[in-house]
Amino acid sequence: MSSLTSKHLLGLRDVPAEEIQLILDTAKEMRKILDSDNKKASHLQGKSVVTLFYENSTRTRLSFEMASKYLGATAANISASASSVTKGETLIDTGRTIEQMGTDVIVMRHSMSGAPHLLSQYVNCSVVNAGDGMNEHPTQALLDMLTILNHKGTLKGLKVAITGDILHSRVARSNIWGLRKMGAEVVVSSPSTLLPANIEQTGVRLAKDVTEAVQGADVVMGLRLQLERQKKALFPTGREYSKYFGVGPEVLSHAAKDCIVLHPGPVNRGLELTTSVIDADNSVINEQVHSGVAVRMAVLHLLTSK
Ligand code: CP
């Protein structure tokens, strides 16, 4: 397999395992460019990439921009808050306007689940979902998988514990789809108020608490508490959340000896993970950012070379 079926990347739910493998294999090659002294390749020469973000971002937005530039594309950014969206322009009109400027790929983040899917029906260029509401964040899950592969060599048969605010997490959803397709066992734990209904229908196992979830895990993934999406109090206090649902050294002592710790960032230090866990030698949170550039280079290359 040498190309992706779809010209868009909207979520991992609809991407077959072979295509996830292709992206990960391509990302490994892209990481060689990223790690070289000369980060200037021509895979995207003559192509244009625009990031259109309706929500804030540090990692995703900047890494798409850097990925585009390392591969020779013209890259531009637009924030909804500083655009004609504030004058009432619709998503579809905004997308069509961007496309008319010669854009080959629109990378889009939106607070509404399904927004990139909608836009993809109205433009001819490729659309990449950089996070839509509580639905999916496919390139985050791909970079998580690339990081895990770098340490474990395979995803098949690994036990991955995902802990925290699963209800609001597009990262969790993309990881569940992706990791399960690639043969990993996924165990989740969360306060009941932050757990989606019928989560087990996605093929994950629901642990009774965080210690049980982490038991024997090869990978522990903490999730950010998405306070901005919580309209009412879903847990008593931050202190109680960290004590009963967070991951600290004691909880982590139940994981496999060579367990690695991931978090998509930004981290609420002391809430979902303790500072000692975040900064420990087996934490790969900074490496995830590095993997993110390689994965986005791979995705942009594969989508524009069809
Ligand atoms: N992980 C993630 O999506 O981070 P940003 O919000 O900084 O892009």
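Q: Which residues does T163 touch, not counting those up to four places away in sequence?
A: T163 touches S189, V210, V214, M221, G222, L223 and V247. Contact means that heavy atoms lie within 4.5 Å. This is a predicted model, in which local features need pLDDT of at least 70 and side-chain atom pairs count only at pLDDT 80 or more, while totals for chains, interfaces and linings use all residues. Residues are numbered from 1 along each chain as its sequence is written, and side-chain values use heavy atoms, with hydrogens and water left out.

Q: Why is T163 called buried?
A: Its relative accessibility is 2%. Buried means under 20% relative accessible area, exposed means over 50%, and partly exposed lies in between (1.4 Å probe, protein chains only). At 2%, T163 therefore counts as buried. T163 is found in strand β5, residues 159-163.

Q: Why is D14 called exposed?
A: D14 has 68% relative accessibility, so it counts as exposed. D14 sits in the segment before α1 (17-34).

Q: How far apart are D14 and W177, in sequence and in space?
A: They are 163 residues apart in sequence. In space, the C-alpha to C-alpha distance is 8.8 Å.

Q: What makes β5 and β8 a pair?
A: Two strands pair if DSSP finds at least two bridges between them. β5 and β8 have four bridges, in the parallel sense. I162 stands opposite M221 in β8. Strands here are DSSP runs (E, at least two residues), helices are runs of H or I with at least four residues, and both are numbered from the N terminus.

Q: Over how many bridges do β8 and β9 pair?
A: Strand β8, residues 219-222, pairs with β9 over three bridges, in the parallel sense. V219 stands opposite I260 in β9. M221 stands opposite L262 in β9.

Q: Where do these strands lie in their sheet, and what is its order?
A: The open sheet has five strands in the order β7-β6-β5-β8-β9, with parallel pairing. Its edge strands are β7 (205-206) and β9 (260-262), which each pair on one side only. Helix α5, residues 138-152, packs on the sheet and touches β8 and β9. The direction of α5 makes about 170 degrees with that of β9.

Q: How do you know that both faces of β8 are covered?
A: In a regular strand the side chains alternate between the two faces of the sheet. V219 and M221 are buried on one side of β8, and V220 and G222 are buried on the other.

Q: Why is α5 called oblique to α6?
A: α5 and helix α6 (residues 170-181) pack at an angle of about 55 degrees, with their axes 8 Å apart. That makes α5 oblique to α6. The cut-offs are under 35 degrees for roughly parallel, over 145 for roughly antiparallel, 65 to 115 for roughly perpendicular, and the rest for oblique. Axes are lines fitted to C-alpha atoms, for helices over the stretch in contact, and angles run from 0 to 180 degrees between N-to-C directions.

Q: Which way do α5 and α6 cross, left-handed or right-handed?
A: Their crossing is right-handed. A crossing is right-handed if the near helix is turned clockwise from the far one by less than a right angle, and left-handed if anticlockwise.

Q: What makes up the contact of α5 with α6?
A: P138, Q140, A141, D144, M145 and I148 of α5 meet V171, S174, N175, G178 and L179 of α6. By class, that contact has six nonpolar, four polar and one charged residues. Ala, Val, Leu, Ile, Met, Phe, Trp, Tyr, Cys and Pro count as nonpolar, Asp, Glu, Lys and Arg as charged, and the others, Gly among them, as polar.

Q: Why are α2 and α11 called oblique to each other?
A: Helix α2 (residues 59-70) and α11 pack at about 55 degrees, with axes 8 Å apart. α2 and α11 are therefore oblique to each other. Their contact includes F64 of α2 and M297 of α11. Its residues divide into seven nonpolar, four polar and two charged.

Q: What makes β3 and β4 a pair?
A: Strand β3, residues 105-110, and β4 share five bridges in the parallel sense. In β4, the bridge partner of V107 is V128.
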